[in-house]
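I opened this notebook to record what I looked up in one structure.

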Amino acid sequence: MPDSPPLTDTLDVPGARLYYERRGTGPLLLMIGSPMDSTGFAGLASALAGRYTVVTYDPRGTGQSSRDDSTADVTPEQQADDVHRLLPVLGGGPAYVFGSSGGAVVGLALVTAFPGQVRALVAHEPPVTGLLPDSAQVRAQIEDIYQTYRAGGTEQAMGKFMAHAGLGGGPGQEEGTPRWVPSPEQIARMRAANEHFLAHLIRPTTRYRPDIQALRAAPARIVVAAGATSKGQLANRSAVALASQLGTTVVEFPGDHGGFLAFPEQFSRLLDQVLTDTT
């Protein structure tokens, strides 16, 4: 049932243990976030559990998932390999996949390396900044954020990141537009993930260069999505650039970069429509 508590389990993969949750019945739908853990998808997953077997998980080093080497960077390719090992345990493949932000980058890496495991991928605002015309400038800004963190300024680095990414509101964010407001517990979890993000995720994620030829040749249907109110922000611009490279158009979803958090019901209806579209 959609409102039933999720079933939880763990899976050992090389160098890590992954925590995951399963809800509902129906075709397999895997949701991927990065640096966000599974809790951020709870509302969206519940809204879709009446039609899908929805699986959410914590990427290695995030939330309740551990890793053996806490000093190494975590690349999209490594996370894609983790997902590749998780999917057979879940059954029901090839799977529908929804990836958001860095999770969308992982989804692209998954389709590239293991195309037969994905039925359709909805990549929501992947920060594939190497496709942007100002990619050199963006890379320099990301490096400045990283060096700020290395100098001991976690809060200052996150402030720079939020401003650089436009996550405090962008040109498309109208006054009074509903936004997701995290609970104190969610804020604590996000703060705990910030250091892992700044130290080991921000550079490999934003430096990932999609293999456009491989993506276009893959049997999986790839849909690039972006927020209706995040136009002009870094991840939205990257999504537009990716869609252009793939020869497709961007599908506009409710809200901003975290629209599924603020509008889970509306977001779920459109996601279901996009996933099952056979035209």
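**Entry 1. Ground rules and confidence.**
I noted that this is a predicted model, in which local features need pLDDT of at least 70 and side-chain atom pairs count only at pLDDT 80 or more, while totals for chains, interfaces and linings use all residues. Residues are numbered from 1 along each chain as its sequence is written, and side-chain values use heavy atoms, with hydrogens and water left out. I looked up pLDDT, the predictor's confidence in each residue from 0 to 100. The mean for the protein is 91, and 90% of its residues reach 70 or more. Over residues 169–177 pLDDT stays under 50. For that stretch I found 10 contacts beyond four places in sequence, a contact being heavy atoms within 4.5 Å.

**Entry 2. Helices α2 and α3.**
Helices (H or I, at least four residues) and strands (E, at least two) are DSSP runs, numbered from the N terminus. How do the axes of α2 and α3 cross? Helix α2 (residues 76–90) and helix α3 (residues 102–113) have axes that come within 8 Å and cross at roughly 70°. Axes are lines fitted to C-alpha atoms, for helices over the stretch in contact, and angles run from 0 to 180 degrees between N-to-C directions. I recorded the crossing as right-handed (the near helix is turned clockwise from the far one by less than a right angle; anticlockwise is left-handed). From α2 the contact takes P76, E77, Q79, A80, V83, H84 and L87, and from α3 V105, V106, A109 and L110. These residues divide into 8 nonpolar, 2 polar and 1 charged (Ala, Val, Leu, Ile, Met, Phe, Trp, Tyr, Cys and Pro count as nonpolar, Asp, Glu, Lys and Arg as charged, and the others, Gly among them, as polar).

**Entry 3. Helices α4 and α5.**
I then turned to helix α4 (residues 135–150) and helix α5 (residues 154–165), whose axes come within 7 Å and cross at roughly 160°. That angle makes α4 roughly antiparallel to α5. Their crossing is left-handed. Among the residues of α4 that meet α5 are V138, I142 and Y149, and among their counterparts in α5 are A157, F161 and H164. The contact divides into 6 nonpolar, 5 polar and 2 charged residues.

**Entry 4. Aromatic rings.**
I counted 8 aromatic pairs (rings of Phe, Tyr and Trp, the last by its six-membered ring, with centres within 6.5 Å; planes under 30 degrees apart are stacked, over 60 edge-to-face, the rest tilted). One of them joins F41 and F98 edge-to-face, at 6.0 Å centre to centre with 75° between the planes. F41 lies in the loop between β3 (28–34) and α1 (42–48), and F98 in strand β6 (residues 95–101), 57 residues apart.

**Entry 5. Two loop residues.**
R51 sits in the loop between α1 and β4. What does R51 touch beyond four places in sequence? I found T25, G26, P27 and D272. Q64 belongs to the loop between β4 (53–58) and β5 (66–67), and touches Y19 and D58, again leaving out residues up to four places away.

**Entry 6. Backbone geometry.**
Most residues other than glycine have a negative phi, and most peptide bonds are trans. S101, in strand β6, has a positive phi of about 55°. The bond from S34 to P35 is cis, with omega near 10°, and P35 is in the loop between β3 and α1.

Definitions and conventions: Angles under 35 degrees count as roughly parallel, over 145 as roughly antiparallel, 65 to 115 as roughly perpendicular and the rest as oblique.
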